[in-house]
Amino acid sequence: MTDPQIHKGLAGVVVDTTTVSSVNPETNSLLYRGYPVQELAAQCSFEEVAFLLWNGELPTADQREAFEAQERSLRRLDDRTRRALDDIPTSAHPMDALRTAVSQLGGLDDSLEQSDGILDPELNAGRAIYLLAQLPTIVAYIQRRRRGLEPVEPRDDLDYSRNFLWLTFGEVPDDVVVDAFRVSLVLYAEHSFNASTFTARVIASTLSDVYSAVTGAIGALKGPLHGGANEAVMHAFAEIGTAEKAEAWLDSALAEKRKIMGFGHRVYKNGDSRVPTMKAALESLVEHYDRQEVLDLYNALETAMVERKNIKPNLDYPSGPAYNLMGFDTDTFTPLFAAARVTGWTAHVFEQYAANSLIRPLSQYTGPEERHLDR
């Protein structure tokens with residue numbers, strides 16, 4: 001019997017089909033339902049992108065109006081969710097708090113107990129938009145609580161991006177900041193069978209509920225090799241200090257065989273196609289806040305990394321300093337990622353339910369041969 005071929009990390013393994021997103025190898029472009037993400041980021045609201053991911057097409061004017069009205073009506077945090085968040089120490093990572101809150105939302109959903117309630121497409125569509133509406137309120141609540149600030153109530157007169165920033169900072173920033181934030185949400189919304197999305201699909205394949213799938217995805221996203229990379233970028237920037245020190249820092253880090261977060265990607269071979277769009281948003285923030293030193297450091301480290309390793313940035317590299325300039329705490333960066341990616345996660349959960357097969361790979365055993373107790 002020949003040994004099976006092992007694909008560590010499932011690299012190169014195609015496990016299923018999807019209509020949600022893809023990467024066009026000819027243009028190196030990420031496509032949501034066929035649309036290049038840079039076009040969506042330039043022309044669409046985040047609400048439109050969420051609708052697209054869930055329904056396969058962009059909304060009509062009437063569909064968009066109804067969708068926005070529904071999302072805005074679901075933003076207020078249940079008092080029981082507030083209490084659950086208040087029981088978590090402020091020293092805990094915000095992703096731990098977010099994971100707990102989403103799990104608790106599932107516990108409050110009585111409709112899961114209905115006959116076929118877990119798989120009902122209409123109920124699941126409602127759960128997805130409920131999660132979309134709740135996550136900004138939860139993420140903002142977590143950051144404000146960690147800062148010792150009172151929570152801010154959501155506003156139904158603001159779009160998704162503006163409301164998110166209002167909830168976090170108690171004011172709506174200038175349009176350039178809102179637009180950069182909107183762009184980041186669109187770019188983070190979906191990316192095929194990444195680690196957290198695959199986790200969600202594995203959980204869904206057992207016919208567990210949407211909340212369980214999203215809770216598991218949040219756990220996967222917390223890891224520094226996935227969502228936590230945008231936080232790590234800012235930790236690296238803090239270590240480096242200024243652009244003039246970037247090359248020496250990188251040489252030392254490489255000599256120590258440290259992983260340089262925010263660079264490289266399993267899927268893209270010619271650079272992450274989302275980076276130019278996010279870097280343009282970062283540049284607009286740098287100009288707005290008059291923080292040229294941030295961009296100087298960004299460019300210095302990027303140039304040094306390409307020269308030494310020929311490895312280009314991924315989306316986490318420009319998004320980290322962008323979120324920092326907006327005023328988000330570094331520990332909140334990954335929850336922001338989750339608030340955007342919940343759209344992609346749930347789109348894939350729905351796809352998994354629609355043509356389900358339990359995901360259960362095999363393994364090759366390399367431990368001791370059969371043995372017996374001798375007592």
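Is Q104 buried or exposed? Q104 is buried, at a relative accessible area of 18%, where buried means under 20%, exposed over 50% and partly exposed in between, using a 1.4 Å probe and protein chains only.

A quick word on the ground rules. This is a predicted model, with local features needing pLDDT of at least 70 and side-chain atom pairs counting only at pLDDT 80 or more, while totals for chains, interfaces and linings use all residues. Residues are numbered from 1 along each chain as its sequence is written, and side-chain values use heavy atoms, with hydrogens and water left out.

| Residue | Relative accessible area | State |
|---|---|---|
| Q104 | 18% | buried |
| N124 | 2% | buried |
| L10 | 39% | partly exposed |

Q104 sits in helix 5 (residues 94-107), helices being DSSP runs of H or I with at least four residues. Skipping neighbours within four places in sequence, Q104 touches R80, T81 and A84, a contact being heavy atoms within 4.5 Å. N124 belongs to helix 6 (residues 121-146). With the neighbours within four places in sequence left aside, the contacts of N124 are I118, L119, V210, F350 and Y353.

Now for the domains. An automatic or database assignment sets the bounds, giving domain 1 (19-222 + 330-353) and domain 2 (226-324). Their contact draws on 31 residues from domain 1 and 28 residues from domain 2. About 2,400 Å² is buried between domain 1 and domain 2, with carbon and sulfur atoms giving 63%; buried area is the accessible area (1.4 Å probe) that two parts lose on being put together, summed over both.

Definitions and conventions. Helices (H or I, at least four residues) and strands (E, at least two) are DSSP runs, numbered from the N terminus.
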